[in-house]
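Me: I've got a model open on my screen and I'd like to walk through it with you. Can we take it bit by bit?

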Amino acid sequence: MIVPVKYERDRLLILDQTLLPGEERYIEARTKEDVWEAIKKLRVRGAPAIGVAAAYGLYVAVRDLKVESFADFAVRFHSIKEYIATSRPTAVNLFWALERMERRLLAMEDGLCFGPSWKQELEYIKEELLKEAEAIRREDEEACLSMGRHGLSLLKKDMGILTHCNAGTLATAKYGTCLAPIYLGQEQGYDFKVFADETRPLLQGARLTAWELSQEGVDVTLICDNMAATVMKQGKIDAVVVGCDRMAANGDGANKIGTSGVAILAKEFGIPFYMFVPTSTIDLDTPTGSEIQIEERQGEEIREMWYQKPMAPAGVKTYNPAFDVTDHKHITAVVTEKGIIYPPYEENLRKL
Ligand code: MRU
């Protein structure tokens, strides 16, 4: 199964998802600017995959630093970390992974014996930072497998399943969050019929979800975003599964724009709506969805991108929020790697 980020032979390789489904090409990120650009431009995207890329990216950006003291290293590290953190605002995994890398660095300070061996110590620090990035990647892969097992327990063999955006292997270290149970079911001979919303304006559903599911032989049907109500009404959908970019303490979950509308429809049609949220995506410091910063992107994504010629009057005003917040009251259950959580989310997320 394809993975979006890999670190091989000292090279940080990022699958350029802007080229999919036409071309599978990895680009090498060598500098902090490369990593920032790859995240900003959605070459790597999806909350957990952004976290993995940021962790490796931070390591890559500091691995050639030559400084004379731990304090100097920590200052340079911090400023690169803050820079990478400006690439996108909504997915909390970006900040979570960067903070975790910095905590690992600062935890080393006490264990070091400064003096003539500082060069060796600096090498040790860098090796440990690489190990931490690798742990972030590995743990996300394990979390996805675990969410896959929990998620599968909610689904039946021949269900019709609707998903929005892409929360598959391309959005994570491997396997995906909400697509992990689909892959596990596929291995076990399940007969899911997946419907993928195309997901305007950047078409993650059409370009990425439809592609990765087809690659693995899953029965997937692409629909436009405005067709979700129709397929629900026709009885084709038994469950909705989606990912999450940041879940607030009360269970409100930010995800790709359009997700909250799907959740409202699911409620209307009595269809369970499951949000897959690794614990790295839960942000207990943000009380409710209203405090989540929603990224706003350029109007050209709506006006002209993907079209042979611009599809809207030149200069027309646009409003292009990249995410929306699904109210916790519309979420039937939250699937995490530690188990499935039901309301009241405020209480049960904290327990977790
Ligand atoms: O703008 P994107 O493509 O980064 O948005 C991605 C999503 O909204 C995903 O659904 C979310 O990150 C969950 S990924 C497991």
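Predicted model: local features only at pLDDT ≥ 70, side-chain atom pairs only at ≥ 80, totals over all residues.

Me: How are helices α5 and α6 oriented to each other, roughly parallel or roughly perpendicular?
Reply: Helix α5 covers residues 118–152 and helix α6 covers residues 180–187; their axes come within 7 Å and cross at roughly 70 degrees. Angles of 65 to 115 degrees count as roughly perpendicular. So α5, relative to α6, is roughly perpendicular.

Me: Which residues of α6 make the contact with α5?
Reply: On the α5 side, look for Cys144, Leu145, Gly148, Arg149, Gly151 and Leu152. By class, the contact between the two helices has six nonpolar, three polar and one charged residues. The α6 side is made up of Ala180, Pro181, Leu184 and Gly185.

Me: In strand β4, which residue points the same way as Ile161?
Reply: In a regular strand the side chains alternate between the two faces of the sheet. In β4 (residues 160–163), Gly160 and Leu162 point one way, and all four residues are buried. Pointing the other way, together with Ile161, is Thr163.

Me: Which residues stand opposite Ile161 in β5 and in β7?
Reply: β4 and β5 (residues 193–197) run parallel and are joined by four bridges. β4 and β7 (residues 239–242) also run parallel, with three bridges, one of the pairs being Leu162 with Val240. For Ile161, the residue opposite in β5 is Val194, and the bridge partner in β7 is Ala239.

Me: Which strands stand at the edges of the seven-stranded sheet?
Reply: The sheet is open, has mixed pairing, and its order is β6-β5-β4-β7-β10-β13-β14. Neighbouring strands are turned by 25 degrees against each other on average, direction ignored. Two strands have a single partner each, so one side of each is left without a neighbour in the sheet: β6 (219–223) and β14 (339–341).

Me: At what angle does α5 run to β13?
Reply: Helix α5 lies across β10 (273–276), β13 (333–336) and β14. Its angle to β13 is about 145 degrees.

Me: Is Cys165, with its positive phi, buried or exposed?
Reply: Cys165 has a phi of about 65 degrees although it is not a glycine, and its place is the loop between β4 and α6. Buried means under 20% relative accessible area. Cys165 has 6%, so it is buried.

Me: And Arg9, buried or exposed?
Reply: Arg9 also has a positive phi, near 45 degrees. A relative accessible area over 50% counts as exposed; Arg9 has 78%, so Arg9 is exposed.

Me: How many Å separate the C-alpha atoms of Gln17 and Val44?
Reply: Gln17 is in the loop between β2 and β3 and counts as buried, at 0% relative accessibility. Beyond its neighbours within four places in sequence, Gln17 has contacts including Pro4, Leu42, Val44, Leu170 and Arg207. Gln17 and Val44 are 27 residues apart along the chain, and their C-alpha atoms are separated by 6.2 Å.

Me: How far apart in space are Glu109 and Gln204?
Reply: Glu109 is in the loop between α4 (92–108) and α5, and at 35% relative accessibility it counts as partly exposed. Glu109 and Gln204 are 95 residues apart in sequence, and their C-alpha to C-alpha distance is 42 Å.

Technical notes
Residues numbered from 1 in each chain as written. Heavy atoms only, no water. Axes fitted to C-alpha atoms, helices over the stretch in contact; angles between N-to-C directions. Parallel < 35°, antiparallel > 145°, perpendicular 65-115°, else oblique. Contact = heavy atoms within 4.5 Å. Nonpolar A, V, L, I, M, F, W, Y, C, P; charged D, E, K, R; others polar. Buried < 20%, exposed > 50% of the residue type's maximum accessible area, 1.4 Å probe, protein only. Pairing = 2+ DSSP bridges.
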